[in-house]
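I opened the notebook to look up a few things in this model. Here is what I wrote down as I went.

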Amino acid sequence: EGLVVIIDVGKSMSEHQGSTRGAPYKLDSALKSVTLLVQQKLLYSPKDDIGIITFGTKETRNNLSENGYKNVTVLKDLDPPEVEDLKLIESITPGGIEGDMIDALIVGMDLLISKYKGKRCQKRIFLVTDGGSPTNKSDFLTVLDQFKKMEGKLNVIGIEFDDEEDSSSSLYHSQKSDVKLENEKFLRHFAREVSGVVVPVGQAIEMMSYFRSKSVLQRTNFRGHLEISPLIRIPVWSFIKTMKRNLPPFGKLSVVAEQSAEPGGKGVIIERSYYTLTDPDNEIPPEERIKGYKYGRSLVPFSKIDESVLKYTADKCLVVIGFTKAVNVPRHHYLENCAIMVSEPGDLSGGVALSAFVGAMAETESVAIVRHVKRANAVPHLGVLIPYVKGEYDGLVYNKLPFAEDLRHYQFASLNPELAKKALVPTPEQLSAADDLIKSLELSVPDDSAEPVELLKPKYTYNPVLQHYYQCLQKRALDVDGELPTLDKVIADYLNPDENIFSQAQDSFSRFREAFPLTKTETKENKKYWKDALNEEEGVQLDSYVPTPKKQKLQPSTSFSIDKIIATGASQVGSVNPVQDFNDMLARRDVDLVEKAITQMEERIVQLVNDSVRDQLYPKALECLIALRLGCIQEEEADLFNSVLRRLRGLFDGKKRNDFWLMVSSRDLTLIHNQESDDSSVSPSEAKAVCFFFSSLSFSIYILDFVTFGLLVALNCS
């Protein structure tokens, strides 16, 4: 929505309301109504645009000033509402000049037309005036026609305007000037022509002071088919019905940047760097970092390859698992947000099918247990579909349910009088007193028509935390050093019980108190703790409460060195993160583990390939082989790697795990030649030739197998 607020600050607005000394000034009431309007936009419609214009000012500042629209000032162009707008409104002072409201309306229309040319949105103008200044109405028809073309609405907040529905509200009618009466009549006619309203300022302030719910744009969170069986699939759309509303996120501001004279952002940007204890001067690059998950006291590394292999994949779906009675699904098992599912708009057959399905479930008092996956590869959820029958439409209410391992079964003492302890079984008098107390605190009371009326309706009970937060936010925006406001009376009524109910329930409270007398339990003083003894006059040695540790026997040959203290690196290549373990073993300087690391890495590669289900672990094994080659070049152990590669060729090339060897050949993992390492005796051409030989050999075996198979078929046919 685009909203332009036009405020009259002319000569007549600086007078007291009703010309009574001590009464509030007209402009103060006008600014209060505008402040409440901006607050409503900040709280409930922060994405709308709002502009502010004043007329009757000494200066002129608008885009049409060259065409004669004087004494009209545009304080704020059409932009989303901000907290600074409240300060801007508070700074408005009387202009002292008689301004023309028609000129101000034309300037406001120009703002709307310029901002939303060719765009479809709701356009409104709020005019706040007492109608005390002369108005040139010669352009009225032109302005009215333009209003209708742009589909705009005019709402007027009138200062000392009569309420048409209440004849007793005409307190100032006899004191009104002819100009004011004529302008008031003119504005009512104008508002009716453009589907607007005229509201007295007192009524406007009262309406905008009430809390209300925030309007949000409904978007689907699921579009798909409700699969009752493989042959019955109904297209449905799902919308969020209820959800938890949290406080807006708070941003961090830098005090140093705020106090600095240099321009720039004041926001705090968090940057994380990772270092090791053994090398605190060099940052660990991202490719050398890996996720770790705690398992007891250990940290289990989890690489991206492990994550991709173990990641659960699921297709988008909403499948009915089965049906059960509604009483079998307790309400306290509902989790997270609630959604409403309806038929796809425009799908007549789907709507009829869903309505029949919902009607059958409602008639049998049944619910459906479903498997729900909102999008492809998302986490699957267990949910319940509850029939929702309304006069306008039929739908299904979806609630998420816990899995069996999500439930916690706690053991409590039985409430059954036959099984509970006799001392805990209530008497009939106690049960009667408890029932009477509960009935006396009933929140539904009869009204004049003897129909029960709910005192605390959830529909009109707004989040007290959010409401008080915005109340404090407004106060802090206007007064940085001022005290925060006290809790609003409307919010306090949400939190505090009704005093009338408690006063009427005093007899029930007395009866309950007599039925359940409280007795003070005397605690035994014979138990004494050591901390109590510290307060006494006699000194207490804390060492006497600590058991003496057993002496450790030291071997005579035991010697300590700084190398042993810092030797915290890996000593073997594990199966969880073999690449990291291999690199850690090569980096050890307290002991030479190079040959041991190469041997164990070879064993780990063979294990990964042989244990792989199809090719699931091949990428991890290939990553180990690449790391082994790089480590051997770094440690000048080319011959060891070449020997490992030849042994791997003998194990896999042309055999059961030949597909792994084809993967190695496709990555061009050759022997280490003398241009990569000085200790290698293999030339580049020999390294490539050996690699080509490996691939050619595998290909030749496949050709041979194919020819052999053809000969066997020919012999059988003959």
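Predicted model: local features only at pLDDT ≥ 70, side-chain atom pairs only at ≥ 80, totals over all residues.

Helices (H or I, at least four residues) and strands (E, at least two) are DSSP runs, numbered from the N terminus. I looked up E8 with strand E12 (residues 335-343) and found antiparallel pairing over six bridges; two strands pair if DSSP finds at least two bridges between them. E8 (residues 232-242) also pairs with strand E7 (residues 220-229), in the antiparallel sense and over eight bridges. What joins E7 to E8? I found a hairpin, running through two residues. Gly 224 has Val 236 in E8 standing opposite.

**Helix H10.** My next stop was H10, residues 428-440, with 13 residues. From first C-alpha to last, H10 reaches 18 Å, close to the 18 Å expected at 1.5 Å a residue; the expected span is 1.5 Å times one less than the number of residues. Which residues of H10 are buried? I listed Gln 430, Ala 433 and Leu 437, where buried means under 20% relative accessible area, exposed over 50%, and partly exposed in between (1.4 Å probe, protein chains only). Seen down the axis, the buried residues of H10 fall within an arc of 60°, so they line one face of the helix; the arc is that of the directions from the helix axis to the C-beta atoms. The face turned away from that buried side carries the exposed residues Pro 428, Ile 438 and Lys 439. I then checked what covers the buried residues of H10, and helix H14 (506-515) is included.

**Cysteines.** I searched the whole structure for disulfides (a pair of cysteine sulfur atoms within 2.5 Å) and got zero. Cys 317 is buried, at a relative accessible area of 13%, and Cys 624 counts as buried too, at 0%.

**Salt bridges.** Side chains of opposite charge can pair when their charged atoms come close. I counted a salt bridge where a side-chain nitrogen of Lys or Arg is within 4 Å of a carboxyl oxygen of Asp or Glu, and the structure holds 14. I looked into three of them.

- Lys 620 forms a salt bridge with Asp 306, the closest N and O atoms being 3.3 Å apart. Lys 620 is in helix H19 (residues 618-634) and Asp 306 in helix H8 (residues 304-310), so I have distant parts of the chain linked, 314 residues apart. Both Lys 620 and Asp 306 are buried.
- Lys 400 pairs with Glu 336, with the closest N and O atoms 3.1 Å apart. Lys 400 lies in strand E15 (residues 394-401) and Glu 336 in strand E12, so the pair ties together parts 64 residues apart in sequence. Lys 400 is buried at 16% relative accessibility, whereas Glu 336 is exposed at 65%.
- Glu 602 pairs with Arg 647, with the closest N and O atoms 2.8 Å apart. Here helix H18 (residues 594-611) holds Glu 602 and helix H20 (residues 638-652) holds Arg 647, so parts 45 residues apart in sequence are tied together. Glu 602 is buried at 14%, and Arg 647 is partly exposed at 44%.

Terms used:
Residues numbered from 1 in each chain as written. Heavy atoms only, no water. Contact = heavy atoms within 4.5 Å.
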